[in-house]
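Please look over the sequence and the model below before reading on.

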Amino acid sequence: MKSKPLFLVPFCLTFFFMVGVNGQELLDILEKESPKMPIYTQAIFKTNRVVLTQSVETRKKGTLEFILGTRYWNIPNNDNSQSFAADKFSGHFGMQYALSDRFTFGGGITSYDGILNGFAKYRLVRQRQDKNVPIGITLVQGASYFSRDFLRYSLPLNSSERLSYVTQAIIARKFDRNFSFQVSPTYIHSGSGQPVSDQKDLFLMGFGARYKLGNHVSLASEYGYLFGRNEGEEGFNLFSLGVNWEVGDLIMQFSMSNAKSFDDISSYLFNPNNFHFRPGGLHIGVNATYVLHLKKRNPESLKK
């Protein structure tokens, strides 16, 4: 009776050895079949724009966005105004489409200054949650066509001088679930050299930030510092403050800015007044962005 357990020992050792070997082989197979997939940081900014200017974000493949923007402001020292709410109004319509998760292109037109613009964005580096890649980088190339006079801009006779170009490298980081920040070194080639001291080649540094106030509401702000500008005589640097409200596939944005335009180049260059709460320096805006998913989404993402 006492010899039975000793008889079972070799059998048990053989069994556990086989299980151990097979288990290790199984782990090796699983590791090979399940390579480590990077988890990218989502929603550094909620939309493709901080407020008026480009953010680091690009849309998911197959996403089509429609943007309808409005801007209202009063003229300084205008005692004869007959307007009910605001002296001036500007409207904007734009569309943009994502060919891939990294590449988005789009364009739009604005009623007040008659500018037609287009842009292409490529997401060069995506921030990762494992901290191996702590920042995101997006490259932007845009062009704007000035179709008529406005403010101090006089339409050149030569049509090639009505085109201006903007090139940006946007570097951003989401520090935690609530706060994101970006800087955007920017080069602008102005076709006519108006109105900043007749300079055609301009450099500026853009700044943008977003702070999440709740699950569907966030605060955003942006500033653009143009190097070599004499503020006052040549206009003022861009400053904007906005609140984003997300309702499903519709994003509403309420903003205050010293910019009249919706165009990237014009918003940076053509601001005759500094930001303040008096007529001329305050432009109230309401934008609506509707997101249409043309590519079928993963069923798991629809549960979120």
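Predicted model: local features only at pLDDT ≥ 70, side-chain atom pairs only at ≥ 80, totals over all residues.

Residues are numbered from 1 along each chain as its sequence is written, and side-chain values use heavy atoms, with hydrogens and water left out.

The chain has 3 helices and 12 strands, taken as DSSP runs (H or I, at least four residues, for helices; E, at least two, for strands) numbered from the N terminus. Of its 304 residues, 41% are buried, that is, under 20% relative accessible area with a 1.4 Å probe and protein chains only.

Arg 210 lies in strand 8, which spans residues 201–212. Arg 210 is buried yet has no salt bridge, and Glu 246, the nearest side chain of opposite charge, is 6.1 Å away; a salt bridge would need a side-chain nitrogen of Lys or Arg within 4 Å of a carboxyl oxygen of Asp or Glu. For charge, Lys and Arg count as positive and Asp and Glu as negative, with His and the chain ends not counted. A polar atom of the Arg 210 side chain does, however, lie 3.4 Å from the backbone oxygen of Ala 43. Leaving aside neighbours within four places in sequence, the residues in contact with Arg 210 (heavy atoms within 4.5 Å) include Ala 43, Phe 45, Asn 178, Phe 179, Ser 218 and Leu 219. Across the chain, residues 24 or more positions apart account for 55% of the contacts with a separation of 6 or more.

Definitions and conventions
Buried < 20%, exposed > 50% of the residue type's maximum accessible area, 1.4 Å probe, protein only. Polar contact = N/O pair within 3.5 Å; in protein donor to acceptor, adjacent residues only side chain to side chain.
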